[in-house]
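I opened the notebook to look up salt bridges. For each pair I also wanted the exposure of the side chains.

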Amino acid sequence: MILIDTHVLIWAVNNDQRLGRIARETIDAETDAGTLYVSAITPWEISLLVNKGRLSFGRDAGEWILDALDMPGVMLAPIEPMIAVNSVTLPGQFHPDPADRFIVATARHHRWPLLTADRAILVYGDAGHVEVMDAAL
């Protein structure tokens, strides 16, 4: 089981070259096993980025999200009450971005590795607060 960050979902669906070979192989293996997870905050984050003009799919964001989550092997990890609580009490120093906090809290809650290319999250993982995998590799 593995949790993927929002940008990793976008890269995977769009076959973006920023997604590294090892990351792509990991995603393929997890989707084959039906154990690739996306946080329930990810649709919110994608919608927010589209609304702010920082992301565009050339079609309705809601349709893109539903299609991405409907892919075989992709599972939506719900925001459980303790994930919400823990998102505001993460140990160590972590930036205030709410989506990142929910995603990290979800990975910590389930003890799943988090596949991301977000430098702040990778550094946070290097400090031992969450298991991370670099999506650029």
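I set the exposure terms before anything else: buried is under 20% relative accessible area, exposed is over 50%, and partly exposed lies in between (1.4 Å probe, protein chains only). The model is predicted, so I kept its thresholds in view: local features need pLDDT of at least 70, side-chain atom pairs count only at pLDDT 80 or more, and totals for chains, interfaces and linings use all residues. Residues are numbered from 1 along each chain as its sequence is written, and side-chain values use heavy atoms, without hydrogens and water.

Entry: salt bridges. I took a side-chain nitrogen of Lys or Arg within 4 Å of a carboxyl oxygen of Asp or Glu. The search of the whole structure returned 5.

Entry: arginine 18. I found it bridged to aspartate 16, with the closest N and O atoms 2.8 Å apart. Arginine 18 is exposed because its relative accessibility is 51%. Aspartate 16, at 22%, is partly exposed.

Entry: arginine 24. Its side chain meets that of aspartate 28 in a salt bridge, 3.6 Å from N to O. I placed both in helix α2 (residues 21–33), 4 residues apart, about one turn of the helix. Helices here are DSSP runs of H or I, at least four residues; strands are runs of E, at least two; numbering starts from the N terminus. Arginine 24 is partly exposed at 22%. Aspartate 28 is also partly exposed, at 35%.

Entry: arginine 119. I logged a salt bridge to aspartate 134 at 3.2 Å, N to O. This pair links distant parts of the chain, 15 residues apart: arginine 119 sits in helix α7 (residues 119–126), aspartate 134 in strand β5 (residues 132–134). Arginine 119 is exposed, since its relative accessible area is 51%.
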